[in-house]
Amino acid sequence: MQKPPTRPGKPSPPSAPYTPPPSYVPHCAHHVSYVLTVLDRLVPAGTRCAVIGAPLNSNVGDSAIWLGQRSLLGALGAEVRYACDLMSYDAGHLAACLPDGPILLTGGGNLGDLWEDSQLLREQVLRDFPDRRIVQLPQSVHFTDHANLTRARRAFDAHPDLTLLLRDRHSLHRCRTVFEAPALLAPDLAFAVPPDALAGGTVAHDVVWLAREDKESAKGPPAGRGAARKEHGGPYVFDWAREGADAEWRQAKEALWRGRARALCRAGSGDPPGAVPALLAAYDGLARLQLARGCRLLMAGRVAVTDRLHGHVLGLLLDLPHVLVADRYGKVRSYWDTWTEPRPPTTATAWAWTEKEARETAGKLLAGLA
């Protein structure tokens, strides 16, 4: 039997737009306005909150989401009193830093069993804090195993004050069908990245192809990679999950990791609240470092092709002409259908179903720049 789509007390959907601060990228401000309107009902001005799930990986999209979240919470006047990553969650520290107040679960594409560590942490937080408001920030949803879905449903349905924000209509429908928690539509939070975190780049290729190499890739990257592909007149192919060997960049990353370690040591020594500013500084710094790397990679091309959702989002933020192709599980297409196609952006953007079509479309976009 279908679960009812809502429970009593469901937050009302956005009505009037929330005006974003002028620091956001102007042509993407409508995304920011929409999500601020949704969050304003869940995280009122002046709220003290916790944020779970700071990224430590090399996926640039996760870093963009983190910086967007931080920017949005700042715009709402919310104060983050506790933050953690996948490896540092501590329920006792969270309670010490935030005796009451909402807990926010970081947005992204890991609600489900594709990335199980994130899902298990999500369910643990729900069990640890049944008396708190918990807000799942915008996610895409995909379960491959019914047993994992059943386990998640038990954890979600047992919590009396959980709200799910979904970043595409397919995920929204799925959650409203399966879970009892209120579910609302909201765009990806990376649109709220401050412009000063968006680095420029030196154009070195006509076309760059940001192609997933992980389990979410539909068919794997185009044949060839990097400069070897360019020699044959094709695009420069890469995946930003692979970090380069730039010594200065790695030194900066290692310094931020040491800052995280010192902050966690301070928290473990009996001062969790005192460790929070340094921990947030480390998380923010790591995210900015990864995002700047991703921007430079994308901006190395006059046109981009990608199967990564945040290749699309950053392409819009950077006003970079690009072609979007499908991932394995339909996440990218569902986001395109929900947000991009109904309100076409000012940036030259197109969808392609095949590699051949993507190459041809990228060529047309390139010709249009001449």
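In which helix is Gln119 found? Gln119 belongs to helix H4, where helices (H or I, at least four residues) and strands (E, at least two) are DSSP runs numbered from the N terminus. This is a predicted model, in which local features need pLDDT of at least 70 and side-chain atom pairs count only at pLDDT 80 or more, while totals for chains, interfaces and linings use all residues. Residues are numbered from 1 along each chain as its sequence is written, and side-chain values use heavy atoms, with hydrogens and water left out.

Gln119 counts as buried because its relative accessibility is 0%, buried meaning under 20% relative accessible area with a 1.4 Å probe and protein chains only. Not counting residues up to four places away in sequence, Gln119 touches Asn110, Leu111, Gly112, Phe143, Arg151, Ala152 and Phe156, a contact being heavy atoms within 4.5 Å. The side chain of Gln119 also reaches the backbone nitrogen of Gly112, at 3.2 Å. From C-alpha to C-alpha, Gln119 lies 11 Å from Gly108, and the two are eleven residues apart in sequence.

Thr361, found in helix H12 (residues 355-369), is buried as well, with a relative accessible area of 14%. Once neighbours within four places in sequence are left aside, Thr361 is in contact with Val323 and Ala350.

**The pockets**

A pocket is an open set of points, on a 1 Å grid over the protein atoms alone, where a 1.4 Å probe fits and which has protein on both sides within 12 Å along at least five of seven lines; its lining residues have an atom within 4 Å of a point. Grid points are joined across faces, edges and corners, and a volume is the space filled by probe spheres set on the points.

The largest pocket has a volume of about 700 Å³. Its lining is made by 38 residues, of which Asn57, Asp62, Asn110, Trp115 and Ser118 are the closest to its centre. Among the elements that give two or more residues to this lining are strand S1 (48-54), helix H2 (60-75) and strand S4 (108-112), but H4 gives the most, with four residues.

The second largest pocket holds about 300 Å³ of space. Of its 14 lining residues, Arg242, Glu243, Gly244, Arg293 and Leu297 lie nearest its centre, and the elements giving two or more residues to the lining are strand S9 (236-238) and helix H9 (272-298).

The table divides each lining by residue class, with Ala, Val, Leu, Ile, Met, Phe, Trp, Tyr, Cys and Pro as nonpolar, Asp, Glu, Lys and Arg as charged, and the others, Gly among them, as polar.

| Pocket | Lining residues by class |
|---|---|
| Largest pocket | 13 nonpolar, 14 polar, eleven charged |
| Second largest pocket | six nonpolar, one polar, seven charged |

Methods. Buried < 20%, exposed > 50% of the residue type's maximum accessible area, 1.4 Å probe, protein only. Polar contact = N/O pair within 3.5 Å; in protein donor to acceptor, adjacent residues only side chain to side chain.
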